[in-house]
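Reader: I have a model open and some time to go through it. Can you walk me through the contacts, the ligand site and a few residues?

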Amino acid sequence: MGIKKTVSVLGLGLMGSALAKALVEEGYEVTVWNRSEGKPTPANTKRVKTTAEAFKSDVVVTCLSTYDVQQPLLTNEIKTLVNLTSGTPEQARATAQWAKTNGVEYVDGVIMAVPQQIGTESARILFSGNENHYVLDAFGEPVHVGEDAGLAASYDLALLGIMWATFGGYLQAVALMGTYGIAPALFTPMAAGWLNELGAMLPEMGAVTQSRNYETDVSALDINVSGLRLLTEANSEQGLDTTIPQALHDLFERAQRSGHGAHSIASVIEEIRK
Ligand SMILES: NC(=O)c1ccc[n+]([C@@H]2O[C@H](COP(=O)([O-])OP(=O)(O)OC[C@H]3O[C@@H](n4cnc5c(N)ncnc54)[C@H](OP(=O)(O)O)[C@@H]3O)[C@@H](O)[C@H]2O)c1
């Protein structure tokens, strides 16, 4: 077995600490740096006070809150940068370009997991650009999603967008059912089963957004706009916030006004693409 590379982790937040721990468990020699001193030092790592000391390692893993706070820290002393800070595709591409110009090996990744999953097979790490995944397999299952360095960030935000919309819809539903005296424990199994059924519909909906043939014998947009009006009214009757159902109603209604009333829900994508 060859000698393992030395690795530094910048950022000891919830995720950075989990990454450092996973690297130690994989047998790497791990150096850690964090802006403030308050955060505990993960077991069996070497804490350094300056980023320059951290940059002596073969690989530097960054996991900070945003690119804005990360960018000023980066220098061409870094040999290989594994960037796991969340950002936009444009920010990822700009950092890849910065790395190229400065002779730094670079891979851009995103973590589709919570800290408790890091180091297990259930943690999916999407990465793009450079096909070498360096130390990523210490964190979970690395999946290369394409040559463009911005693609991992694109997948990240698209998938999180589905998560946020779903969680928002679920919390709205729990609040509404709560006003009718139905506890989350009673409602949630039905909600989870419903989400599975909806997930099974996505491949067909995706195909329709490509063919743009929105003919339907299942459910027309008209009836869904009426349903969203009812949902908004019901939330309002119960004194709840209506931001989410109202926003969906307004978007779907605009698609209806553009002539998609008899078409399938998939036709709403035409309104979104505007
Ligand atoms: N937690 C998750 O479930 C999860 C999942 C997937 C991806 N991520 C991504 O992982 C990254 C880190 O998330 P996290 O949950 O670990 O966040 P966190 O617990 O809030 O930690 C944020 C880290 O950023 C550092 N930081 C903030 N501002 C800084 C500055 N101006 N200069 C230097 N360091 C600064 C903090 O240092 P201080 O201790 O000094 O404040 C801390 O180390 C984010 O990009 C997040 O989107 C997180």
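Reader: What share of the contacts with a separation of 6 or more comes from residues 24 or more positions apart?
Author: Residues 24 or more positions apart make up 48% of those contacts in the protein. A contact means heavy atoms within 4.5 Å.

Reader: What should I know about the source before going on?
Author: This is a predicted model, in which local features need pLDDT of at least 70 and side-chain atom pairs count only at pLDDT 80 or more, while totals for chains, interfaces and linings use all residues. Residues are numbered from 1 along each chain as its sequence is written, and side-chain values use heavy atoms, with hydrogens and water left out.

Reader: How many helices and strands are there?
Author: The protein has nine helices and eight strands. Both are DSSP runs numbered from the N terminus, helices being H or I with at least four residues and strands E with at least two.

Reader: And what share of the residues is buried?
Author: Of the 274 residues, 39% count as buried. Buried means under 20% relative accessible area, exposed over 50%, and partly exposed in between, with a 1.4 Å probe and protein chains only.

Reader: Ligand next. Which residues come nearest to it?
Author: Asn-34, Arg-35, Ser-36, Lys-39 and Ser-86 come nearest, out of 20 residues around the ligand. A residue counts as near if one of its heavy atoms lies within 4 Å of the molecule.

Reader: Which element gives the largest share of that shell?
Author: Helix 1, residues 14–25, with three residues.

Reader: What does Asn-34 do with the ligand's oxygen atoms?
Author: A polar side-chain atom of Asn-34 is 2.7 Å from an oxygen atom of the ligand. The protein covers 74% of the 900 Å² of accessible area that the ligand has on its own. Those areas come from the Shrake-Rupley method with a 1.4 Å probe; for residues, only the protein chains shown count as cover.

Reader: Different topic. Where is Ser-267, and is it buried or exposed?
Author: Ser-267 is in the loop between helix 8 and helix 9. Ser-267 is buried, because its relative accessible area is 0%.

Reader: What does Ser-267 touch?
Author: Tyr-214, Leu-221 and His-260, leaving aside neighbours within four places in sequence.

Reader: And where does Ser-264 sit?
Author: Ser-264 is in the loop between helix 8 (243–260) and helix 9 (268–273). Ser-264 counts as buried because its relative accessible area is 13%. Not counting residues up to four places away in sequence, Ser-264 touches Val-208, Tyr-214, Thr-216 and Ser-219.

Reader: What is the phi of Asn-44?
Author: Phi of Asn-44 is near 60 degrees, a positive value in a residue other than glycine. Asn-44 lies in the loop between strand 2 (29–33) and strand 3 (46–47), and Asn-44 is exposed, since its relative accessible area is 68%.

Reader: What about Arg-212?
Author: Arg-212 is not a glycine, yet has a positive phi of about 60 degrees. Its place is in the loop between helix 6 (184–211) and helix 7 (221–237).

Reader: Last one. Is Glu-90 buried or exposed?
Author: Glu-90 counts as exposed, because its relative accessibility is 53%. Glu-90 is in helix 4, residues 89–101.

Terms used. A polar contact is a pair of N or O atoms within 3.5 Å; within protein, one must be able to donate a hydrogen and the other to accept it, and residues adjacent in sequence count only if both atoms are side-chain atoms.
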